[in-house]
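Subject: Structure handover

Hello,

Here is the structure you will be working with. My notes follow below it.

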Amino acid sequence: MRLHRTEQQKGWETGIVHLGLGAFARAHLALYTEDAQDHDWGIIGVSLQRPDQRDHLAPQDCLYTALERRPEGNRPRLVTCLTGVLVAPEDPDAVLAVMSLPATRIVTLTITEKGYCHDPATGKLNWSHPTIMHDLANPAAPKGAIGFIVEALRRRQAAGLPPFTVLCCDNLPANGHVVAGLVREFAERMSPDLASWIAAEGQFPCAMVDRIVPATTEADIAEVEKLTGFADAAPVVHEPFRQWVIEDRFVEDARPHWEIGGAQFVAHVEPFEHMKLRLLNGAHSALAYLGYLGGHETIADTMQDKAYAAFVERLWQTEIVPVVPAPPDTDLLAYVAALKARFSNPAIRHRTWQIAMDGSQKLPQRLLGTIRERLAQDLPLPCLALVIAGWIRYVGGIDEQGSLIDVRDPLADTLKTVQDAAPDAAAAVRAVIGLTEVFGQDLSQDSRFVDAVVAAYTVLQEKGARAAVVG
Ligand code: CS2
């Protein structure tokens, strides 16, 4: 049986436009919004690239199942707050039109790190990015999130409406400030008056988001049908844990009561964000590269392997925790213990390959910040160096059995070419670390760091990842 809205489920009005409708937003933002149960705050989702979410969701009235997976069993929940799905490339004007409606008060974003078209080492807009170049030349038919936001804000200013709040839900450090900066840079090129209006009236709160949401599989779809009796073409699966820490700065204070679902509103998100990006995402990436190389398909499988579980424990306890300040009322050791349980949840099959994607965009905020802290204090970093070596080996494109790795990264070609051109392994490592758009001038020239990664890479090459993590 197909999902269909009942009269009662039809009551949602659109208050939020979400750019980058993927599984994460549908298992996080949407569930907090569902819990708030304020029907003025329905969400219209926008896919910036592919039509598949719309194709799956539209025939089922944009209803879908969120399946919570716990070790002891699964729990389905029907999500009703999605009011529609637009596919931006098919009709960019329809997206701009809904972003310009008076009722639209918040634009949320999960477009992944690379969607910001910025330079991850500096946080500045990449003016030579094809999407940015396109959107500057065609402001009324943009392709990228920054182009959509700036043009919609221009229309709102022209119509005498207040701006919407822009709420970034991606794993970037100081994400609100980064997006505000990118929007300002782009708007200044379009019109200085618009840029000043946005600076004066706009709000870009920072937020830390957390929930593990692996890509939905055919097996998940079959299981949801078995559990609910409905043929849902687009369920999402997620772990029980969720967290959302948001700076309470919204235009005219217009926002849903997400605190009903447990969101925390705070004055400063930074300590929460550092903790999460460095302890959760840093360890996730570590397990993804080294686990993949060691032949593990998922994070839970990797954690089952005692050598890896011990490695990640060492990484947390000896290298990351000592240089991460604890947020207010937070016990970092308890946080790490919870991470261990979350990563080990056998019901969540989160592929190492999925997390390994886009490393060039993820490493700076997940691992390089910690590395900088340790170098500043002249502290050793053997585990972190091994993780960076693991990433370099991974993006080299050949696994330990000599098979090709399907490397997905906006810099994939560069990462392979510079390695292939190097005369030996040490030179290959140096060439990759020389990419300042990832490592910054400082790290690419720090011999303590470079030497540690070269040494770790050699061990990795000689012994393989599984033996290397044993130390
Ligand atoms: C993961 C994140 O895919 C990845 O890179 O590390 O999506 C992670 O699962 C979430 O940030 C958890 O909140």
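The notes go from the whole chain to the domains, the ligand shell and a few local details.

This is a predicted model: local features need pLDDT of at least 70, side-chain atom pairs count only at pLDDT 80 or more, and totals for chains, interfaces and linings use all residues. Residues are numbered from 1 along each chain as its sequence is written.

Overall fold

The protein has 21 helices and 13 strands. Helices (H or I, at least four residues) and strands (E, at least two) are DSSP runs, numbered from the N terminus. The radius of gyration is 22 Å, close to the 23 Å from the globule rule for 471 residues, so the protein is as compact as a globular protein of that length. That radius is taken over C-alpha atoms, and the rule is 2.2 Å times the number of residues to the power 0.38. Along the principal axes, the C-alpha trace spans about 65 × 55 × 45 Å.

Of the 471 residues, 48% count as buried. Buried means 20 or more other C-beta atoms within 10 Å of the residue's own; exposed means 12 or fewer; partly exposed is in between; C-beta atoms are placed from the backbone. Contacts are pairs whose C-beta atoms, placed from the backbone, lie within 7 Å. Among contacts with a separation of 6 or more, 77% link residues 24 or more positions apart.

Domains

There are two parts: domain 1 (7-266) and domain 2 (270-470). The bounds come from an automatic or database domain assignment. The contact takes 23 residues from domain 1 and 27 residues from domain 2. On the domain 1 side, β3 (64-70) and β10 (207-210) are the elements that give two or more residues. That side divides into 13 nonpolar, 3 polar and 7 charged residues. For the classes, Ala, Val, Leu, Ile, Met, Phe, Trp, Tyr, Cys and Pro count as nonpolar, Asp, Glu, Lys and Arg as charged, and the others, Gly among them, as polar. The C-alpha centres of domain 1 and domain 2 lie 28 Å apart.

Ligand shell

The residues around the ligand are N171, D210, R211, I212, L280, N281, H284, Q354, I355 and K362. α10 (270-293) and α14 (352-356) are the elements that give two or more residues. α10 has the largest share, 3 residues. By class, the shell has 3 nonpolar, 4 polar and 3 charged residues. Domain 1 and domain 2 both give residues to the shell, so it lies between them.

Local details

Strand β6 (residues 106-109) runs parallel to β9, joined by 4 bridges. Pairing needs at least two DSSP bridges between the strands. I106 stands opposite T165 in β9. In β9 (residues 165-168), T165 and L167 point one way and V166 and C168 the other way, and all are buried.

T112 sits in the loop between β6 and β7 (118-119). T112 counts as partly exposed, with 17 C-beta neighbours inside 10 Å. Leaving aside neighbours within four places in sequence, T112 is in contact with D170 and D358.

Two aspartates have positive phi. D253, in the loop between β12 (243-247) and β13 (264-266), has phi near 55°. D253 is exposed, with 10 other C-beta atoms within 10 Å. D329, in the loop between α12 (306-320) and α13 (332-344), has a phi of about 55°. D329 is also exposed, with 5 other C-beta atoms within 10 Å.

Best regards

Definitions and conventions:
A residue is near a molecule or strand if its C-beta atom, placed from the backbone, lies within 6 Å of it. Two residues are in contact if their C-beta atoms, placed from the backbone, lie within 7 Å.
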